[in-house]
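Work through the exercises below with the sequence and the model in view. Each task is followed by its solution in steps.

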Amino acid sequence: MQQQVTRNIGVHGFAVPDLGINVPVAPGQTVTIDIPTDNVGTFALFCSIQCGSGHSDMRGQIVIEP
């Protein structure tokens, strides 16, 4: 599975440590991230680059189902 991520302001990081993903995203850049689907489960994702106010709120989950 692939996911595209775009950032407009500031550098951010798209990280899912349990899936071996940690990709920086520069302003105006769109990156395509390959997400492995061979591990079923719920995986935490977050911004891995200190980006200022609201950084700690940039969290979510990726759910991979069988």
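This is a predicted model: local features need pLDDT of at least 70, side-chain atom pairs count only at pLDDT 80 or more; totals for chains, interfaces and linings use all residues.

**Exercise 1.** Compare the radius of gyration of the chain with that of a compact globule.

Solution. The radius is taken over C-alpha atoms, and the globule rule is 2.2 Å times the number of residues to the power 0.38. For 66 residues the rule gives a value near 11 Å; the chain has 12 Å, which agrees. The C-alpha trace spans about 35 × 20 × 15 Å along its principal axes.

**Exercise 2.** List the secondary structure, then work out the strand order of the open sheet.

Solution. Helices (H or I, at least four residues) and strands (E, at least two) are DSSP runs, numbered from the N terminus. The chain has six strands and zero helices. Four strands form an open sheet in the order E3-E2-E5-E6, with antiparallel pairing; two strands pair if DSSP finds at least two bridges between them. E3 and E6 are at the edges with a single partner strand each, so one side of each has no neighbour in the sheet. Between E2 and E3 there are five bridges, and His 12 stands opposite Val 25 in E3.

**Exercise 3.** Identify the residues of the largest nonpolar core and the elements that supply them.

Solution. Such a core is a set of buried Ala, Val, Leu, Ile, Met, Phe, Trp, Tyr and Cys residues joined through side-chain atoms within 4.5 Å. Buried means under 20% relative accessible area, exposed over 50%, partly exposed in between (1.4 Å probe, protein chains only). The largest core has twelve residues, including Phe 14, Val 16, Leu 19, Phe 43 and Ile 62. E2 (12–16), E3, E4, E5 (41–47) and E6 (59–64) each give two or more residues to this core. With contact meaning heavy atoms within 4.5 Å, Phe 43 touches Val 16, Leu 19, Ile 62 and Ile 64, among others.

**Exercise 4.** Is Gly 28 buried or exposed?

Solution. Gly 28 sits in the loop between E3 (21–25) and E4 (30–34). Its relative accessibility is 61%, so Gly 28 counts as exposed.

Technical notes:
Residues are numbered from 1 along each chain as its sequence is written. Side-chain values use heavy atoms; hydrogens and water are left out. Lists of a residue's contacts leave out its neighbours within four places in sequence.
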